[in-house]
Amino acid sequence: MASIRGKDLASEIKAMEGEGKGANHIRLHLAVISHLFNVARREYGSLHDHRPQDFADAEATYSSEG
(Lines give C-alpha, C1' and ligand atoms only; values in the text may rest on other atoms or scores of the structure.)
Protein backbone atom coordinates (compact mmCIF):
# COMPACT_ATOMS: atom_id res chain seq x y z
CA MET A 1 0.00 0.00 0.00
CA ALA A 2 2.86 2.35 0.71
CA SER A 3 3.81 2.36 -2.98
CA ILE A 4 0.38 3.60 -4.16
CA ARG A 5 0.55 7.22 -5.33
CA GLY A 6 -2.00 9.74 -6.48
CA LYS A 7 -1.06 9.17 -10.11
CA ASP A 8 -1.84 5.46 -9.65
CA LEU A 9 -5.32 6.33 -8.44
CA ALA A 10 -5.77 8.81 -11.27
CA SER A 11 -4.90 6.19 -13.88
CA GLU A 12 -7.26 3.71 -12.20
CA ILE A 13 -10.05 6.30 -12.32
CA LYS A 14 -9.38 6.97 -16.00
CA ALA A 15 -9.42 3.23 -16.72
CA MET A 16 -12.77 2.81 -14.95
CA GLU A 17 -14.19 5.77 -16.86
CA GLY A 18 -12.92 4.21 -20.09
CA GLU A 19 -14.72 0.99 -19.20
CA GLY A 20 -17.93 2.98 -18.84
CA LYS A 21 -18.13 2.71 -15.05
CA GLY A 22 -20.43 5.29 -13.51
CA ALA A 23 -19.49 8.04 -11.10
CA ASN A 24 -21.09 6.21 -8.17
CA HIS A 25 -19.08 3.06 -8.88
CA ILE A 26 -15.87 5.08 -8.95
CA ARG A 27 -16.82 6.95 -5.76
CA LEU A 28 -17.45 3.66 -3.94
CA HIS A 29 -14.15 2.25 -5.22
CA LEU A 30 -12.33 5.30 -3.83
CA ALA A 31 -14.21 4.98 -0.53
CA VAL A 32 -12.95 1.39 -0.13
CA ILE A 33 -9.37 2.46 -0.85
CA SER A 34 -9.71 5.34 1.60
CA HIS A 35 -11.04 2.99 4.27
CA LEU A 36 -8.15 0.56 3.74
CA PHE A 37 -5.62 3.37 4.14
CA ASN A 38 -7.37 4.62 7.28
CA VAL A 39 -7.37 1.14 8.84
CA ALA A 40 -3.72 0.64 7.95
CA ARG A 41 -2.81 4.05 9.35
CA ARG A 42 -4.72 3.41 12.57
CA GLU A 43 -3.47 -0.16 13.07
CA TYR A 44 0.09 0.05 11.76
CA GLY A 45 1.07 3.69 11.90
CA SER A 46 1.59 6.40 9.33
CA LEU A 47 1.80 5.59 5.62
CA HIS A 48 4.23 8.09 4.07
CA ASP A 49 2.48 11.19 2.72
CA HIS A 50 -1.11 10.03 2.14
CA ARG A 51 -3.75 12.17 3.77
CA PRO A 52 -7.44 11.29 4.16
CA GLN A 53 -8.31 14.59 2.49
CA ASP A 54 -6.67 13.36 -0.74
CA PHE A 55 -9.29 10.62 -0.98
CA ALA A 56 -12.14 12.74 0.34
CA ASP A 57 -11.54 15.30 -2.41
CA ALA A 58 -11.73 12.61 -5.08
CA GLU A 59 -14.85 11.09 -3.49
CA ALA A 60 -16.54 14.50 -3.35
CA THR A 61 -15.90 14.97 -7.05
CA TYR A 62 -17.71 11.77 -7.91
CA SER A 63 -20.50 12.12 -5.35
CA SER A 64 -21.43 15.51 -6.77
CA GLU A 65 -21.52 14.06 -10.31
CA GLY A 66 -23.54 10.99 -9.58
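Visitor: Where is Met1 found relative to α1?

Guide: Met1 lies in the segment that precedes α1 (6-18). Helices are DSSP runs of H or I with at least four residues, strands are runs of E with at least two, and both are numbered from the N terminus. The model is predicted, so local features need pLDDT of at least 70 and side-chain atom pairs count only at pLDDT 80 or more, while totals for chains, interfaces and linings use all residues. Residues are numbered from 1 along each chain as its sequence is written, and side-chain values use heavy atoms, with hydrogens and water left out.

Visitor: Is Met1 buried, exposed or partly exposed, and what is its relative accessible area?

Guide: Buried means under 20% relative accessible area, exposed over 50%, and partly exposed in between (1.4 Å probe, protein chains only). Met1 has 44% and is therefore partly exposed.

Visitor: Which residues make the nonpolar surface patch?

Guide: A patch takes residues with over 30% relative accessible area and no salt bridge; nonpolar side chains (Val, Leu, Ile, Met, Phe, Trp, Tyr) are joined within 5 Å, like charges within 9 Å. Here Met1, Val32 and Leu36 form a nonpolar patch of about 270 Å². Accessible areas come from the Shrake-Rupley method with a 1.4 Å probe, and for residues only the protein chains shown count as cover.

Visitor: Which elements does the chain contain, and how should α2 be read?

Guide: The order from the N terminus is α-α-α, with three helices and zero strands. The expected span of a helix is 1.5 Å times one less than its number of residues. For α2 (residues 23-44), the 22 residues should span 32 Å, and the end C-alpha atoms are 31 Å apart, which agrees.

Visitor: Which residues of α2 are buried, and why do they line one face?

Guide: An α-helix has 3.6 residues a turn, so residues three or four places apart point the same way. In α2 the buried residues are Ala23, Ile26, Leu30, Ile33, Ser34, Phe37 and Ala40. They line one face because, seen down the axis, they fall within an arc of 125 degrees, taken from the directions from the helix axis to the C-beta atoms. Arg42 and Glu43 are exposed on the other side of α2.

Visitor: How many salt bridges does a search of the whole structure find?

Guide: Side chains of opposite charge can pair when their charged atoms come close. A salt bridge is a side-chain nitrogen of Lys or Arg within 4 Å of a carboxyl oxygen of Asp or Glu. The search finds one; Lys21 and Glu19 meet in a salt bridge at 3.5 Å, N to O. Lys21 is partly exposed at 34%, whereas Glu19 is exposed at 56%.
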